[in-house]
Amino acid sequence: MILLYLGLTLLVISIVLLFISGRQRQLAGLPGGRVIYIDTRAWGAVEKPLYDATLGLTGKPDYLVQQRNAIIPVEVKTGRTPGAPYDSHIFQVAVYCLLVEKTQGSRPPYGIIHYPARDFAVDFTPELEDSLLDLLANIRRDEHRPEVDRSHADEHRCIHCGYRSVCDQKLA
Ligand code: SF4
């Protein structure tokens, strides 16, 4: 069980680090997310992480919602509500969609990102799944490299980055 939680933590940290450090390739065509209105009373808390040995992937969505024949993962975010979901949040929900498909046997058509002021549905398209699998492959490849160069020129990303104080590639 400890290993499962450790795997979950590492996965989330890896994804966040990937975006913070700017190592991600530019992923064209990510779904931006559709604003939706939802009834939170149907949300069921998730007790255990979802795990798929084939993918070596673990994740625990905040909620799972049973909708007709589909199980929809929900990720709850606090803080400022963006105009559109952040890419890192989209990928996080995509991980949960993939894990739901692998563990529950039915593919969610979308996942939900719940921000304080708005909810977005992120369609779990084959294109998003392909981008996610590419991203995971890149994370695993880069895990063993001693250094990974910054791949963006966005000062704002550095200004808000939690690793700015120790980063020798920061832009601001
Ligand atoms: S400070 Fe900038 S370059 Fe350094 S890790 Fe953060 S986002 Fe990447």
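## Exercises on helices and strands

**Exercise 1.** Check whether the end-to-end distance of helix α3 (residues 126–142) agrees with its number of residues.

Solution. At 1.5 Å a residue, the 17 residues of α3 should span 24 Å. The expected span is 1.5 Å times one less than the number of residues. The end C-alpha atoms of α3 are 24 Å apart, so the two values agree. The model used here and in the other exercises is a predicted one.

**Exercise 2.** Repeat the check for helix α2 (residues 87–104), then state how much of α2 is buried.

Solution. The 18 residues of α2, at 1.5 Å each, should span 26 Å. Its end C-alpha atoms lie 25 Å apart, which agrees. For burial, the cut-off is under 20% relative accessible area. By this count 13 of the 18 residues of α2 are buried, and the helix is mostly covered. After α2 comes Gly-105, with a positive phi near 80 degrees.

**Exercise 3.** Describe how α2 and α3 are placed against each other, and name the residues that make the contact.

Solution. Start with the axes: they come within 10 Å and cross at roughly 100 degrees. Angles of 65 to 115 degrees count as roughly perpendicular, so α2 is roughly perpendicular to α3. Next, the residues: α2 contributes Ile-90, Phe-91, Ala-94, Val-95 and Leu-98, while α3 contributes Leu-128, Glu-129, Ser-131, Leu-132, Leu-133 and Leu-135. Sorted by type, the contact has nine nonpolar residues, one polar and one charged. Last, look at burial in α3: its buried residues include Leu-128, Glu-129, Ser-131, Leu-132 and Leu-135. Further along α3, Leu-136, Asn-138, Ile-139 and Asp-142 are buried as well. An α-helix has 3.6 residues a turn, so residues three or four places apart point the same way.

**Exercise 4.** Work out how strand β5 (residues 63–67) pairs with strand β2 (residues 43–45) and with strand β6 (residues 70–76).

Solution. β2 and β5 pair in the antiparallel sense over three bridges. In this pairing Gly-44 stands opposite Leu-64 of β5. β5 also pairs with β6, again antiparallel, over five bridges. Here Val-65 stands opposite Ile-72 of β6.

**Exercise 5.** Locate Arg-68, give its phi, and decide whether it is buried or exposed.

Solution. Arg-68 sits in the loop between β5 and β6. The hairpin of these strands has two residues between them. The phi of Arg-68 is near 50 degrees, a positive value in a residue other than glycine. Its relative accessibility is 81%, and exposed means over 50%. Arg-68 therefore counts as exposed.

Notes: Residues are numbered from 1 along each chain as its sequence is written. This is a predicted model: local features need pLDDT of at least 70, side-chain atom pairs count only at pLDDT 80 or more; totals for chains, interfaces and linings use all residues. Side-chain values use heavy atoms; hydrogens and water are left out. Two strands pair if DSSP finds at least two bridges between them. Helices (H or I, at least four residues) and strands (E, at least two) are DSSP runs, numbered from the N terminus. Buried means under 20% relative accessible area, exposed over 50%, partly exposed in between (1.4 Å probe, protein chains only). Axes are lines fitted to C-alpha atoms, for helices over the stretch in contact, and angles run from 0 to 180 degrees between N-to-C directions. Angles under 35 degrees count as roughly parallel, over 145 as roughly antiparallel, 65 to 115 as roughly perpendicular and the rest as oblique. Contact means heavy atoms within 4.5 Å. Ala, Val, Leu, Ile, Met, Phe, Trp, Tyr, Cys and Pro count as nonpolar, Asp, Glu, Lys and Arg as charged, and the others, Gly among them, as polar.
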